[in-house]
Amino acid sequence: MLLAGGGHAHLYSLLNTRFFAGCGVNVVLVNPSRFLYYSGMATGVISGDYPPVANRIDVRRLVERGGGSFVQGRVTGLRLRERAVTLEGGGAIRYDLASFCLGSEVPAVSGSGGFVIPVKPVENTVEVRNRILGHRAGSALRVLVVGGGAAGCEVAANAASLMARENVRGRVTLAEAGPILLESAPEKARRIIRRHLENRGVAVCLGTPIRSYGRGVVHTGDGRALEADLVVRAVGVVPRSVFRGLSPPVATGEDGGLWTNHFLQSISDPRVFGGGDSVSFRGEALPRLGVFGVRQGPVLFHNLLAALRGEPLREFKPQGRYLYVLNLGDGTGLAVYGPLAWRGRSAMKLKHAIDRRFVRRYGV
Ligand SMILES: Cc1cc2nc3c(=O)[nH]c(=O)nc-3n(C[C@H](O)[C@H](O)[C@H](O)COP(=O)(O)OP(=O)(O)OC[C@H]3O[C@@H](n4cnc5c(N)ncnc54)[C@H](O)[C@@H]3O)c2cc1C
């Protein structure tokens with residue numbers, strides 16, 4: 001059984017590798033690094049709430065501890081007829097059953113050099129922190145965060161907080177194409193986040209789509225040029241491109257994610273499963289949040305085992321409401337649950353507790 005990507009939806013199966021091994025199944029995990037970086041704590045790494053290693057999970061150790069094996073590599077494609085995945089740099093791995101949890105990416109922008117840092121992979125937040133701290137004293141640092149969703153708002157708040165704490169002179173600007181921040185959040189949460197960012201000195205620019213990126217400058221849709229020393233791009237997150245342009249083709253949703261049915265099983269091939277951001281659940285993208293991948297984990301584990309044994313599969317039922325807490329970088333959190341939103345130290349305490357427990361469960 002091949003697990004392509006050690007993402008959130010695979011963690012439960014990785015933790016339980018020994019069950020597969022006990023059924024005589026050889027589990028192989030392919031991941032570019034031995035670590036998965038847990039996103040819930042990623043922006044806390046910018047402000048210094050956590051050291052950079054605090055949010056990593058050793059997926060290699062998980063699979064090997066259960067008797068499986070680890071291949072350090074990157075999956076580039078899927079050959080359904082041969083039942084194999086291709087790897088970057090050549091080579092392929094054959095499977096009887098495969099599951100994909102490769103996450104998502106922010107497509108690269110050309111011509112910007114190292115000036116633009118995408119928020120994905122989430123371990124890039126370490127680079128954001130280092131670039132802020134490494135800025136030469138003298139000139140004021142101009143940080144531009146592109147995207148007013150949860151990730152962009154968290155990055156802006158935590159970057160501003162780091163600069164204040166470490167006396168880095170400069171300013172954070174948040175550019176959002178639409179008319180509001182946190183589009184899918186309740187009105188109260190939007191008001192809280194905007195007030196918080198502005199109180200921290202962040203310049204919030206709504207209705208400001210960024211059309212192109214150069215070195216040291218970005219151009220807005222209405223022809224303005226914004227100068228910056230560092231740009232963090234928190235927009236345009238899409239599933240990894242592994243499932244596009246395959247022959248024979250594999251069904252994907254509009255966003256290019258692997259199209260699965262409600263059993264998290266590819267509609268093109270019953271031997272292929274998947275979860276997390278790289279999947280289009282019943283053809284539609286679920287919110288790109290780790291909480292969905294985590295909730296899919298036990299269902300995926302059950303279904304992989306059931307597929308191997310020829311037993312009935314279990315449906316994944318996405319939760320209608322879910323809790324997420326934004327780290328505001330000042331010891332407070334903004335918690336959102338359905339139509340409810342509240343801000344305070346208690347929200348941040350709750351977030352710390354949930355995140356730390358999660359990482360502890362899978363061992364650091
Ligand atoms: C700054 C930021 C903060 C966030 N905070 C939260 C939060 O607080 N709560 C929340 O619920 N969500 C949060 N999210 C969203 C969350 O990051 C994603 O929804 C979640 O990571 C998706 O999980 P996944 O398992 O699909 O992918 P990932 O967690 O990204 O895991 C994918 C794995 O696959 C590996 N991989 C990638 N490409 C390949 C390849 N070609 N071959 C093999 N392996 C590969 C990766 O290295 C990685 O180990 C945040 C996102 C960002 C950007």
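## Exercises on a predicted model

With a relative accessibility of 0%, Cys153 counts as buried, and the structure in which this cysteine sits is a predicted model.

**Exercise 1.** Find out how many disulfides the whole structure holds, and work out why Cys153 has no such bond.

*Solution.* For a pair to count, the two sulfur atoms must lie within 2.5 Å. The cysteine sulfur closest to that of Cys153 belongs to Cys205 and is 13 Å away, which is too far for a bond. A search of the whole structure, finally, gives zero disulfides.

**Exercise 2.** Decide whether Cys23 and Asn327 are buried, partly exposed or exposed.

*Solution.* Buried means a relative accessible area under 20%, and exposed means over 50%. Cys23 has a relative accessibility of 38%, so this cysteine is partly exposed. Asn327, a residue of strand S23 (residues 323-327), has a relative accessible area of 2% and is therefore buried. Leaving aside residues up to four places away in sequence, the contacts of Asn327 include Thr43, Asp49, Glu154 and Lys351.

**Exercise 3.** Describe how helix H1 and helix H8 cross, and what kinds of residues form their contact.

*Solution.* The axes of H1 (residues 8-15) and H8 (residues 290-309) come within 6 Å and cross at roughly 40°. That angle makes H1 oblique to H8, and the crossing is right-handed. On the H1 side, the residues that take part include His8 and Tyr12, and on the H8 side they include Gly290, Phe301 and Leu304. Sorted by kind, the residues of this contact comprise seven nonpolar, seven polar and no charged.

Note on methods. Residues are numbered from 1 along each chain as its sequence is written. This is a predicted model: local features need pLDDT of at least 70, side-chain atom pairs count only at pLDDT 80 or more; totals for chains, interfaces and linings use all residues. Side-chain values use heavy atoms; hydrogens and water are left out. Helices (H or I, at least four residues) and strands (E, at least two) are DSSP runs, numbered from the N terminus. Buried means under 20% relative accessible area, exposed over 50%, partly exposed in between (1.4 Å probe, protein chains only). Contact means heavy atoms within 4.5 Å. Axes are lines fitted to C-alpha atoms, for helices over the stretch in contact, and angles run from 0 to 180 degrees between N-to-C directions. Angles under 35 degrees count as roughly parallel, over 145 as roughly antiparallel, 65 to 115 as roughly perpendicular and the rest as oblique. A crossing is left-handed if the near helix is turned anticlockwise from the far one by less than a right angle, and right-handed if clockwise. Ala, Val, Leu, Ile, Met, Phe, Trp, Tyr, Cys and Pro count as nonpolar, Asp, Glu, Lys and Arg as charged, and the others, Gly among them, as polar.
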